[in-house]
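Trainee: I have the sequence and the coordinates open. Can we work through them in short questions?

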Amino acid sequence: MLGGVLRTAAVLLRATPRCTAAARLAGTQGIDWSRFPQLDERELEERFVRGGGPGGQSVNKTANCVSLKHIPTGLVVKCHESRSLEVNRRQARHLLAERLDRALNGDASVAAQREREEQLRRQRGDLQRRRRRDRKDQWRRQRSAEASSEGAHSDRTGVDNT
Amino acid sequence: MQFFSSVFSLEAGSKVGQDMHSLKFSTILRKLEACQPHPNWVLSLVIHRKVHAVGNTIDELLQHWKSVFVGAEISEPEASIQHLMGASLQCSTGDLRHMGNAVLTAQQLRDLERRCLCRLQRMPVQYIVGEWEFCDVTVSVRPPVLVPRPETERLALLAADRLRPLAAAGERSPRLLEVGCGSGVITLAVLHWLKQVSAVAVDPSEAACLLTEENAARLGVSERLHVHRAALTDAGLPCIEGQRFDMVVSNPPYVPTADLRRLQPEILLYEDRAALDGGRDGLALVRRLLRRSAGWLRPGGRLLLELGLGQPETVVALLSEPGTGLTRPQVHRDFTGRERFVEAQREQERGREDPFDSSVVS
């Protein structure tokens, strides 16, 4: 009986938009990007750690560090995650925009919105787990009640037969 | 720590530093010399180990090897050990920051030491790691094929930028020719970004051709790339006779011969000198490219070149002379803000389209 309940629940869960990847995407589309800062290159100052000298073929250095400063606010981010300089330049811009978003928009920032969404999702998950656990406990209690009543019944028939 | 274990008869994983203090300096030196290590770094290694206890955590090893590299006058000592450690642990250098107290296994220690010994022999970090990122692609790198330089990333971005409208228009598949492909990074980055582009890459080095093909397979773009082993001579490139391209891109050897001897040991000892030597003024290959490119390009097709400092000005002057078939020269800067790249377009004249008449433009 419980198996049937679980199977139905599973089917329902799969079908529910809340739980599919599409739903997750739909969730993120609920995030307000309108305040997310657009970086103006003219307001940025970029610095690189590079070997001295002519560069290019004449130099073999791992130079991949980027330091990006937002001049109006003085915010600086450094990035050397990737071994590619251009990837780090791109990543530095993402990071800077995110930091600016936090600094300027606080609770309305994209990161804060994402955190709230994640919290909601976790709470929903917790709720589902609790419900599942309650159903299981209920079934166990039912089973043990049935078992004890059946046992009592067979005792009586045994007595009757002998 | 196999090497040190054998020298000091220590069990793997024990704290080397503590035992070092109990040995006399002369004894240590004698034992090390018996193993015939590189003389340059022995002293710095010994002195450092005598003074500092070295454990097996990431932070301790980073600090230790950085000091060794500094003592041996290895360039980029801190970045070097970061990259080598990342390679040994198969993680990014960023991850290392959060793992400072993690202890390396005996195997990881051996692996790290092997890499560090290579670095002490001035092997470029990229060769020791065996692979490197170039824009959004990861490629294998192997001596003596030239290690991709960070400046060249912008060349690849420019090339993709110019080909993108053609690719989007969708009328036909844009064709790219790279002369002197090396490890293949420029072409491979473009093929990775623009799925409609097909390319031909040539290089006189067998090792470079093999590496480019290997990297193409690694990136899943082999079907759109033909690699030819060919040198650009005064006769041009016979292997692409009759073919036309929307773009010719090249990072040709551009270092003047006389400047070669001043380069870092990393370059001189491990990288293919033929990939660097541009002749007396560094422009020998560039001149050949300027003579030949219009014959390879469709009308309106572009030539994109990476050059050495001071050369873009000369090249623009060469392009203004009649007869190259190339027009509208532009100069682009690299990430340091210095003039590094030249772009030119093939003239739109119909008359030059005869595929058997490439000698007209030479």
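This is a predicted model: local features need pLDDT of at least 70, side-chain atom pairs count only at pLDDT 80 or more; totals for chains, interfaces and linings use all residues.

Trainee: What area is buried between chain A and chain B?

Mentor: Both sides count towards this figure. Carbon and sulfur atoms give 45% of the area. The total buried between chain A and chain B is about 2700 Å².

Trainee: Which three residues supply more of the area that chain A buries against chain B than any other three?

Mentor: Look at the chain A side. The leading trio supplies 33% of the area that chain A buries against chain B. Its members are A:Gln57, A:Asn60 and A:Arg83.

Trainee: How many salt bridges does the rule find across the interface of chain A and chain B?

Mentor: Side chains of opposite charge can pair when their charged atoms come close. A:Glu81 forms a salt bridge with B:Arg97, with the closest N and O atoms 3.6 Å apart. Across the interface of chain A and chain B, the count is five.

Trainee: Moving into chain B, is B:Thr187 buried or exposed?

Mentor: B:Thr187 lies in helix H11 (residues 185–193) of chain B. Beyond four places away in sequence, B:Thr187 touches B:Leu176, B:Glu178, B:Ala199 and B:Leu225. Its relative accessible area is 1%, under the 20% cut-off, so B:Thr187 is buried.

Trainee: Which side chain makes a polar contact of 2.5 Å with that of B:Thr187?

Mentor: Go back to the residues that B:Thr187 touches; B:Leu176 and B:Ala199 are among them. The polar contact joins the side chain of B:Thr187 to that of B:Glu178.

Trainee: Which strand holds B:Arg302, the residue paired with B:Glu343?

Mentor: The side chains of B:Arg302 and B:Glu343 meet in a salt bridge of 2.6 Å, N to O. The two residues are 41 apart, with B:Glu343 in strand S9. B:Arg302 is in strand S7 (residues 297–306) of chain B.

Trainee: Why does B:Glu343 count as buried while B:Arg302 counts as partly exposed?

Mentor: Buried means under 20% relative accessible area, and partly exposed lies between that and 50%. B:Arg302 is at 22%, so it counts as partly exposed. B:Glu343 counts as buried because its relative accessibility is 1%.

Trainee: What is the N to O distance in the salt bridge of B:Asp281 and B:Arg287?

Mentor: B:Asp281 is partly exposed, at 26% relative accessibility. B:Arg287 is also partly exposed, at 29%. Their salt bridge has an N to O distance of 2.3 Å.

Trainee: What separation do the C-alpha atoms of A:Gly30 and A:Gln113 have?

Mentor: A:Gly30 is in the loop between helix H2 (21–29) and strand S1 (44–48) of chain A. A:Gly30 is exposed, with a relative accessible area of 59%. A:Gly30 and A:Gln113 are 83 residues apart along the chain, and their C-alpha atoms are separated by 9.3 Å.

Trainee: In what order do the elements of chain A run?

Mentor: The secondary structure of chain A comes to four helices and three strands. From the N terminus on, the order is α-α-β-β-β-α-α.

Trainee: What share of the residues of chain A count as buried?

Mentor: Chain A exposes about 10900 Å², with 52% supplied by carbon and sulfur atoms. Chain A has 162 residues. The share that count as buried is 28%.

Terms used: Residues are numbered from 1 along each chain as its sequence is written. Chains are lettered from A and ligands numbered from 1 in the order in which they are written. Side-chain values use heavy atoms; hydrogens and water are left out. Buried area is the accessible area (1.4 Å probe) that two parts lose on being put together, summed over both. A salt bridge is a side-chain nitrogen of Lys or Arg within 4 Å of a carboxyl oxygen of Asp or Glu. Buried means under 20% relative accessible area, exposed over 50%, partly exposed in between (1.4 Å probe, protein chains only). A polar contact is a pair of N or O atoms within 3.5 Å; within protein, one must be able to donate a hydrogen and the other to accept it, and residues adjacent in sequence count only if both atoms are side-chain atoms. Contact means heavy atoms within 4.5 Å. Accessible areas come from the Shrake-Rupley method with a 1.4 Å probe; for residues, only the protein chains shown count as cover.
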